[in-house]
Amino acid sequence: MVYIDVLTKDSEPLPSLFQRDIDDRVLLSVHLLGKPTSAQLYRLHRDIISTDRQMRTIMERLTRKPDNKIARIKPLDIEQPIRSLPYVYLDTWASRRHLQKTFGIPFRRPPVLPSRDWRFLRHDVDLVNRKIAFALTAKKYGISFGHQAHFDEDGKPFYPRVTITDGTLTHTLQPRPDETLVVGDYHLILEEDMGEETITLGNIIRDATIARKNLVYDQLERLGVLDELGWGKRTYCYVMKGKKETKTSARKRVASCVEALPPSVNPHRFFFVDR
């Protein structure tokens, strides 16, 4: 697990976004956040970066040859092709090797560059906002904050496979939360919803729905592996967005998710919140 909090003098010398040279901090930020924009990185590091323009200059430098430590893609809105969208940044082989050497982060092959289609990128960009909000809040109150990696250096998944059932149907699959955050001694398994995923259960083999995720997490709880890890305080949190950009739409979707909880699922660990 990699911590990114402000560490006290008595803490162990864990890697921190708030303790390193700016280039190292930016590279670690891109790695932990996933697909941030320059504006998001400025928001995270405005304690040492004076302007958004200065952050853009840093990102421009890190993407240039010969180092190519950061990759970037220009999103494209298919529905509004003339819409101007900011660059999205990703780590590379070079940055991951550097992070392995500097912070001891296990090296894993970086994923291929994703599609430029904004319909697919906006989920990851929105998720970055959520992680930054948690990180800055933890920093403000002096609470330790970190990310639990979902894979080890050999590519082995952190979460074990579980088997879910619905009537006569049985299906085995891997829990894949959008993020697992550690806030103090609390573990937060986070799902970012963009208002497009089907809510109700459907066919558990064919349909990837929110209700199916709930079955998966409920079975993960029943296995007891998180208790064995000492995760006594934990919750599964869905941050919901409605089909329209309004609070009313988001809250209706939250209500629909609560109503669609499968009867076999223990509801007490699940939280659905609107933005």
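Is Cys 237 buried or exposed, and what is its relative accessible area? Cys 237 is buried, at 11%; buried denotes under 20% relative accessible area and exposed over 50%, with partly exposed in between (1.4 Å probe, protein chains only). The model is predicted, so local features require pLDDT of at least 70 and side-chain atom pairs pLDDT 80 or more, whereas totals for chains, interfaces and linings use all residues. Residues are numbered from 1 along each chain as its sequence is written, and side-chain values use heavy atoms, without hydrogens and water.

**Cysteines**

The whole structure contains 0 disulfides, a disulfide being a pair of cysteine sulfur atoms within 2.5 Å.

| Residue | Relative accessible area | Closest cysteine sulfur |
|---|---|---|
| Cys 237 | 11% | Cys 257, 12 Å |
| Cys 257 | 1% | Cys 237, 12 Å |

Because their sulfurs are 12 Å apart, Cys 237 and Cys 257 are too far from each other for a bond.

**Nonpolar cores**

A nonpolar core is a set of buried Ala, Val, Leu, Ile, Met, Phe, Trp, Tyr and Cys residues joined through side-chain atoms within 4.5 Å. The largest has 30 residues, and Val 26, Met 55, Met 59, Leu 62 and Ile 70 make the most contacts inside it. Its largest share, 6 residues, comes from α1; helices (H or I, at least four residues) and strands (E, at least two) are DSSP runs numbered from the N terminus. Beyond its neighbours within four places in sequence, Leu 62 has contacts (heavy atoms within 4.5 Å) with residues including Asp 23, Val 26 and Ile 70. A second, separate core of 26 residues includes Cys 257 and Phe 272.
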